[in-house]
Amino acid sequence: MGLPAILINVLALGCLAAAFFKDRTRCLHALAIAARSFLKILPMALTVVVLVGLLLGFVPESLISRTIGRGSGLVGILVAAAVGAVLYIPSIVAFPLAGSLVKSGASVAAVAAFITTLTMVGLVTLPLEVELLGKRLALSRNAMSLVLAVAIALIMGVIL
Amino acid sequence: MRRRNERSKSAVRPWVLLGVILAVAVVLVITFPGRGQATRAASGRFLVEMAAVLPAAMILMGLFAVWVSKDTVTKLLGQASGVKGIAFALLLGAMPNGPLYAAFPLAAELLKKGARVSNVVILLSAWACVSIPQELVEMQFLGVKFMAVRLVLTIAAVVLMGLAMERLVARRQTSRPRTS
């Protein structure tokens, strides 16, 4: 287990212990919410586990590096950003996928674009956002996020 | 009844997807036995790594949902303005929150109650892409350097976007220029 995994578990256990001593019923309520969200995210997490296996087992690295690798440049970044905007996976589950993409030849910039649009731009949830926040706000937020994600990706490509 | 049906349908769909992907994987591995070893090894490794972080992230989210109510968030953000408002919006967004669509109703309510557009947009964006458990998971799979650089750039982008959006929306809504 890596250091981040240890950190997040220590943090969760510490907060849980503090919550338990502060207020038992609320702590149990929180655990019930946690269990429910875990069950909700579980099928997607397992799907990603299988996809990562297929990705590393079957997709040749040359294909990945050709489409979203270092040499793919701006086109690769735009492809990754578009995929991230359309897909609807919780980001916490997407990180392993992103990590395996980097390992099999994707560029840091493209992966950064993918994660950033995945979290900030939501085409699937756009109708809901328009309904609740208005067309103007929702559309410009998503458009601006898309542009900024590409900008972040480009800067990350230069720095890392 | 109908709503209940819809809800159970949306709960079942991800499992169906998992089943389909799993079936495809099994067929692929049987057809190309040479690739089976690598596929199983990668999936196994990621299963372990995922199991090491997911429950903890869910627990943090559950605790936050119970201890900090939506009313508290509305109160804190509705009143704060200026740099303090931006900092509050970032901080609240960085808490272990649920999915982004859960933030839309909250944002709508904040706007109705007169919170600044910039703060609401910053809250939404930070909710989406800055979160303490999420950063730790990102570090686990992509390394500390990737996580740190993306975090700094994202925060800058989020604040910039909040301020720009406020100008954009305010120019449409008020005929008079704002004194600020």
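Two residues are taken to be in contact if their C-beta atoms, placed from the backbone, lie within 7 Å. The structure described here is a predicted model.

**The contact between the chains**

On this basis, the contact draws 67 residues from chain A and 68 residues from chain B.

By class, the side of chain B that touches chain A comprises 53 nonpolar, eight polar and seven charged residues.

**Packing within chain B**

Helix 2 of chain B also packs against helix 7 of chain B, at an angle of about 170 degrees and with the axes 10 Å apart. Because angles over 145 degrees count as roughly antiparallel, these two helices of chain B are roughly antiparallel to each other. Helix 2 of chain B contributes B:Glu49, B:Val53, B:Ala57 and B:Leu60 to their contact, while helix 7 of chain B contributes B:Pro133, B:Val137 and B:Gln140. Five residues of this contact are nonpolar, one is polar and one is charged.

**Helix 2 of chain A**

In chain A, helix 2 covers residues 24–58, which is 35 residues. From its first C-alpha to its last it reaches 49 Å, close to the 51 Å expected at 1.5 Å a residue. Helix 2 of chain A bends by about 40 degrees at A:Ile41, and the proline A:Pro43 follows within four residues.

Terms used: Residues numbered from 1 in each chain as written. Chains lettered and ligands numbered in written order. Predicted model: local features only at pLDDT ≥ 70, side-chain atom pairs only at ≥ 80, totals over all residues. Nonpolar A, V, L, I, M, F, W, Y, C, P; charged D, E, K, R; others polar. Expected span 1.5 Å × (residues − 1). Bend = angle between axes of the 7 residues up to and from the residue. Axes fitted to C-alpha atoms, helices over the stretch in contact; angles between N-to-C directions. Parallel < 35°, antiparallel > 145°, perpendicular 65-115°, else oblique.
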